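Subject: Structure handover

Hello,

Here is the structure I promised. Please have a look before reading my notes below.

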Amino acid sequence: MSMNWKSMSAFIAVIYGIMAIMPLFVGDVDHLMHILIMCLIWAVVASCWDLIMGFAGIFSFGQVAFFVIGAYASAIFSIDFGINPFFAMLLAGTVAGGFGVLVGLPCLRLKGAYVALVTFAVHMILEPFLKSGMGRAIGTGGSMGILTIPPLELFGISFTADNKIAVFYAALVLAVVCSVIIMLVIRSFWGTAFLALKDSEDFAASLGVSGLRYKLAVFALTSFLTGLVGGFYGHYVGMLSTRMLGIDLFVTLMIMLVLGGIGQYPGVILGAIMTVGINENLSALGSYRPMILGAMVVVLVLLLPDGIIGLLRRFAFWKTSAGEKAVTGGVDNN
Amino acid sequence: MLQASHLTKKFGELVAVNDLSFSVEEGQVYGIAGPNGAGKSTVYNLITGIYSFEGDITFDGISLSGMPPHKIAQLGISRTFQIPQTFPSLSVEQGVGVGSRFGDSDGYDSENVESILEFLGLEEDRNLITSDLNLLGKKKLMIGSALATRPRVLLLDEPMAGSNAHEIRDLMELIRRINKDMGVTIIVIEHFMKVLIELTDKLLIIESGTKIAEGDPNEVTQLPEVIESYLGDAYADDN
């Protein structure tokens, strides 16, 4: 079972509360501020992945693709159409959401590994498309990528890579808003529908749950939020290439999910922060890093199937049991 | 109330249901029996929209052909499954709530959920994860979720399977109360012939997807073709 409303809110408040005061200590260290910003960005992407895979039980492997679609779309809207980056981000989220629905449609008839194959195919197709003549025609920059993405500007503040504290707080607001949306969805009847469809689709349908409506809704919502954050990322770093579609980012996101606990929201937020930290520390290992990341997925799945949240729950259960035994003098009441 | 006309379902070369027609009247307890693989559960899957079919099924004159399962549920036809289905991610109360939230055309009704938990004796288990219930508890919960949709017709698929004599008595009493007290029309698939004779107003016997008899349970079970094709020696020994 997922966390209750209070625990979920408290967990999110504590994590983002701690994050909010971090600039007080590392605000002048450019590299660390970049890591914190990336923690927040990946926390949203991984949370969306958790919502669709962990809660709705849809094995969607297209999350990185939706992120890249959002990033490119927002860049193209702002560069080629002169749209304000803030509105370009919203439009990019809508474009990614639309793609999510298009990808979701064929997935309605599929289950499990077949959904994973279809959604990962989108990921695989995206790189050659962005590099192709067709991609260049819509402004992707082909193999060169996009190099001159304007920064987000709001209330006279320019959220550039040179002003990382401002970017950090903008990312924090975005992460909090997305987390609250995800939490509201999970705790609402939408979340109940997702869980019911995941547990037993035929039974859920026989009780009036529309698989079509709720599956498409979860595809639309998660790809919208992922695309929105993708747009934010593009305006922050100022340039984009198809390198993001490599296996590295995909595996890293998977570690975030597994470490946080699949379907154990909001554990994935903590998983994202820890994974970004671990990943940074592994960067000195160069080409061995992906190998270690891959091994981490295997070890985590075997040892921590419910991630950190599962571990915390086991610890709390052990503490309660130990407390009860202490009260009863260790006598088995049965 | 519910009418199936010339119902046929083929899976490739296999004809699972063959030109089957039957009708269920409002307030009835209607039984369906037949040997394993006769197509009984397939009939349920046709009525509830899981499979497409040839022929027609009407509910109060409305054709169910091509209607998705969730719409059929909202129309007033609910069901249980042979292998108890629950939602392991949800609590007992939430599991019943799914039926109320999505199947009841009036939307979620906490009083209805409460009364169903009480009706089924599941009040104290309301916060349990559904996977923690025993087999009887899971069956009751499945029935509870279905009842929360406020069905006019409830399809029960082998509700007695795996139950001991005491549990069978409990379940029979429960089915009677659902029928009499709640006014829900029941269609029940069952292998226990004594249960069907005691519980149902009308009995349909099918074999290889084809109707071989329909009528009063006491009379139908005495027909030579029924004894030969389905009941066989076991029934003869029983009596």
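First, a term: two strands pair if DSSP finds at least two bridges between them. Helices (H or I, at least four residues) and strands (E, at least two) are DSSP runs, numbered from the N terminus.

This is a predicted model, in which local features need pLDDT of at least 70, side-chain atom pairs count only at pLDDT 80 or more, and totals for chains, interfaces and linings use all residues. Residues are numbered from 1 along each chain as its sequence is written, while chains are lettered from A and ligands numbered from 1 in the order in which they are written.

Chain B, six-stranded sheet

In chain B, 6 strands make an open sheet with mixed pairing, in the order 6-7-8-3-9-10. Strand 6 and strand 10 of chain B are the edges; each has a single partner strand, so one side of each has no neighbour in the sheet. From one strand to the next, the twist averages 20°.

Strand 9 (residues 202-207) and strand 10 (residues 210-215) of chain B are antiparallel, paired over 5 bridges. Leu204(B) has Glu214(B) in strand 10 as its bridge partner. These two strands form a hairpin with 2 residues between them. In the turn, Ser208(B) has a positive phi of about 50°.

Strand 3 (residues 29-33) and strand 8 (residues 185-189) of chain B run parallel, joined by 4 bridges. There, Tyr30(B) stands opposite Ile187(B) of strand 8.

Chain B, four-stranded sheet

An open, antiparallel sheet of 4 strands in chain B has the order 2-1-4-5. Its edges are strand 2 (14-24) and strand 5 (62-63) of chain B; each has a single partner strand, so one side of each is left without a neighbour in the sheet. Helix 1 (residues 40-47) of chain B packs on this sheet and touches strands 1, 2 and 4. Contact here means that the C-beta atoms of two residues, placed from the backbone, lie within 7 Å. The direction of helix 1 makes about 70° with that of strand 2 of chain B. Axes are lines fitted to C-alpha atoms, for helices over the stretch in contact, and angles run from 0 to 180 degrees between N-to-C directions.

Strand 1 (residues 2-11) and strand 4 (residues 54-59) of chain B pair in the antiparallel sense over 5 bridges. One bridge partner pair is Leu2(B) with Phe59(B) of strand 4.

Strand 1 of chain B also holds His6(B). The phi of His6(B) is near 50°, positive in a residue other than glycine. Is His6(B) buried or exposed? His6(B) counts as exposed, with 12 C-beta neighbours inside 10 Å. The cut-offs: buried means 20 or more other C-beta atoms within 10 Å of the residue's own, exposed 12 or fewer, partly exposed in between, with C-beta atoms placed from the backbone.

Chain B, helix 5

Helix 5 (residues 135-147) of chain B has 13 residues and reaches 18 Å from first C-alpha to last, close to the 18 Å expected at 1.5 Å a residue. The expected span is 1.5 Å times one less than the number of residues. Its buried residues include Leu141(B), Met142(B) and Ile143(B). Lys139(B) and Lys140(B) are also among the buried residues of helix 5. The cover over the buried residues includes strand 6 (77-79), helix 3 (92-103) and helix 4 (110-120) of chain B.

The axes of helix 3 and helix 5 of chain B come within 6 Å and cross at roughly 35°. Residues of helix 3 in this contact include Val92(B), Gly95(B) and Val96(B). The residues of the contact divide into 6 nonpolar, 4 polar and no charged. (Ala, Val, Leu, Ile, Met, Phe, Trp, Tyr, Cys and Pro count as nonpolar; Asp, Glu, Lys and Arg as charged; the others, Gly among them, as polar.)

Chain A and the interface

The contact between the chains takes 18 residues from chain A and 25 residues from chain B. On the chain A side, helix 8 (189-199) and helix 9 (201-206) each give two or more residues. Helix 8 of chain A gives the largest share, 7 residues.

A cis peptide bond joins Tyr265(A) and Pro266(A), with omega about 10°. Pro266(A) is in the loop between helix 11 (247-260) and helix 12 (267-282) of chain A.

Best wishes
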